Amino acid sequence: MSTQPNRLIGGEYLVKNATYNDIFTYEDFSEEQRMIIESAKEFIDKEVVPKKHQIEKKDYALIEELMRKIGELGLLGISIPEEYGGLGMGFVTTMLVCDYISGATGSLATAFGAHTGIGTMPILLYGTEEQKQKYLPKLATGEWFSSYCLTEPEAGSDANSGKTKAVLSEDGKEYIITGQKMWITNAGFADIFIVFARIDDDKNITAFIVEKDKAGEGFSLGEEEDKLGIVSSSTRQVFFNEVRVPVENLLGERNGGFKIAMNALNVGRIKLGAACLDAQRRVLNNSLQYASERKQFNVSINTFGAIQEKLADMAVATFTSEAGAYRAAKDIQDAIEDNIAKGMPHNEAELKGIEEYAIEASILKVWISEAAQKASDEGIQIYGGMGYSKEMPMEAAWRDARISRIYEGTNEINSLLCISMLVKRAFQGRIDLMTPAMDVANELMSIPSFDIPDYTELFAQEKEIIINLKKAFFMVAGAALQKFGADLEKHQQLILAASRIMQEIYMVESAMLRAEKIAAVKGNDVAANAVKLVQLQLFKSVEIIKTEATRGIVSFAEGDEQRMMLSGLRRFTRYNEYPNVVNLKNDIAQLIIEKNEYVY
């Protein structure tokens, strides 16, 4: 059963305020989970890091070899139930394995994520008992590898528009699949392909399990794609020319492929967020080491304020990324456990639990992938000219990070989804958005208080500001929805602005709750550095929200309405006591420079 008495449902963080008791943090890992982290780190440091240069030379065979070794460790089957040959761990453990396996190189991270996520989860969540018994044990150990075939030349973000066809044979025993798929990860060494095709003139696509060894001559692969990054991740086109697949290999229901694809991507999105976490830590640690060793004007460059600012910003983003990722992971795990306790089968319980937090999954995918890209870019800058060299780790880190903003749905698509899913839940009556929107509209008409509160309690001002940032969201989103109604979807730039506001709110609130929990458990002195990280993240978030809200307001409001809303925005983003941002960055940088690693 859930250990969180006040867990919020997906998207509800905007209308309710969580407490630190309601969330799970990185500091809450069990001893068993910490042992798994150490095992994953040891593997990466011994087996992967020494071979980075080899990996950057398109060594696809090495990635396959490393994947088999990960299978031998049991980490490919971390989320697969024991009855199907896996370890049956909870969702949080699944996330932390993805986190620590993925940090050293994007090539391995992509292979691992595609196999354990979108390549395996559709069978676990939608497969028949026979399909699970047949495929999952081999996928859990790495005896077989899986690939996911959705994207086509004319079907990317619009996944349901795929042209690949499936026709039932005259004897009714097979489906005959013809079509082309592209950008297929693990295609070069996969044994199993999850393929989406349209049967006859069905409205929606249908999913199939295709076994490479039984696909016949009609199955073929294109050459390995020559990519900017993740260069040793096998990525090929897959061609189907009247490939015969037994009817029992239809996955889920006919016409149900689009649903499978979307729910598989929900899993993939939050795991992609996790896959960018250790990448940030490693970029920061490499930057710290280089900055301490590199000397200019007879001193280490880590003594320069310009360098310290970059290091501090990396640390803040990493702390915040961890906070959001593991908050959502535990919410999903608790929802799954609650569903099982209600009598749901495991696959349905997991499916519903993940689907519940689809908004948070998209937020994490966007925010953390952007943070990882920013970290690698600043890492190159800290290295200077050496950062541009393939001999140094930053060049590959930057190239690998770039794809994270594209796959599992581009960051733009995911940002649009955040708002559309939120509005959908409001129409379903699951989240009350109208009441807070009306409350904010009424508040705008009232005279603001000019009293200066007493901020003696930890995070007193920060909590007040976050509450006000939520008001800013409802002011902009509520007015936009009222003005445009169903036509709001045509105003993508406005939706993106609103989405960035809600993303910043979730992430900075997660960081604050994490630090508050550290203080409650270990004391304010221990939490002092985490508090500084949160104060700096909040300052950043407020500035972003000011910009996005202003952009949104002036795009649809004019005259007195515009002036009133801009005045409200100033009220909702106001500090009574501004933090000393320069001092915060100096303090954060000094700590990690002293330790020569990310220590939070």
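Reader: For residues 468–571, how far apart do the end C-alpha atoms lie, and what share of the span is helix and what share strand?

Author: The model under discussion is predicted. In it, the end C-alpha atoms of residues 468–571 lie 8 Å apart. An unreviewed UniProt entry annotates residues 468–571 as "domain: Acyl-CoA dehydrogenase-like C-terminal".

The packing of helices in this region deserves attention. Two packed helices are described by the angle between their axes and the distance between the axes. Helix H17 comprises residues 492–522 and helix H18 residues 524–556. Their axes come within 9 Å and cross at roughly 165°. Since an angle over 145 degrees counts as roughly antiparallel, H17 and H18 are therefore roughly antiparallel to each other. The crossing in which H17 passes H18 is left-handed. By class, the residues of the contact of H17 with H18 comprise 20 nonpolar, six polar and five charged.

H18 also packs against helix H19, which is formed by residues 559–572. Here the angle is about 170°, and the axes are 10 Å apart. H18 and H19 are therefore likewise described as roughly antiparallel to each other. On the H18 side, the contact is made by Lys546, Ala549, Thr550, Ile553, Val554 and Phe556. On the H19 side, the residues involved are Gln562, Met565, Leu566 and Leu569. The contact of H18 with H19 has seven nonpolar residues, two polar and one charged.

The other annotated spans may now be set beside this one. UniProt, again in an unreviewed entry, places "domain: Acyl-CoA dehydrogenase/oxidase C-terminal" at residues 255–414. The end C-alpha atoms of residues 255–414 lie 24 Å apart, and the span is 78% helix and 2% strand. The feature "domain: Acyl-CoA dehydrogenase/oxidase N-terminal", also from an unreviewed UniProt entry, is placed at residues 30–143. For residues 30–143, the end C-alpha atoms lie 30 Å apart, with 68% of the span in helix and 0% in strand.

A further pair of helices is formed by H3, residues 60–72, and H5, residues 106–118. The axes of H3 and H5 come within 10 Å and cross at roughly 55°. That angle makes H3 oblique to H5. H3 passes H5 in a right-handed crossing. From H3, the residues Ile63, Leu66, Met67 and Ile70 meet Ser107, Leu108, Ala111, Phe112 and His115 of H5. The contact of H3 with H5 consists of seven nonpolar and two polar residues, with no charged residues.

Finally, there is the division of the chain into domains. The protein chain is divided into domain 1, covering 147–254, and domain 2, covering 432–595. The C-alpha centres of domain 1 and domain 2 are 45 Å apart.

Notes
Residues numbered from 1 in each chain as written. Predicted model: local features only at pLDDT ≥ 70, side-chain atom pairs only at ≥ 80, totals over all residues. Heavy atoms only, no water. Axes fitted to C-alpha atoms, helices over the stretch in contact; angles between N-to-C directions. Helix = DSSP H or I, 4+ residues; strand = E, 2+ residues; numbered from the N terminus. Parallel < 35°, antiparallel > 145°, perpendicular 65-115°, else oblique. Left-handed = near helix turned anticlockwise from the far one by under 90°. Contact = heavy atoms within 4.5 Å. Nonpolar A, V, L, I, M, F, W, Y, C, P; charged D, E, K, R; others polar. Domains from an automatic or database assignment. UniProt positions renumbered as here; feature names shortened; annotations may be inferred.
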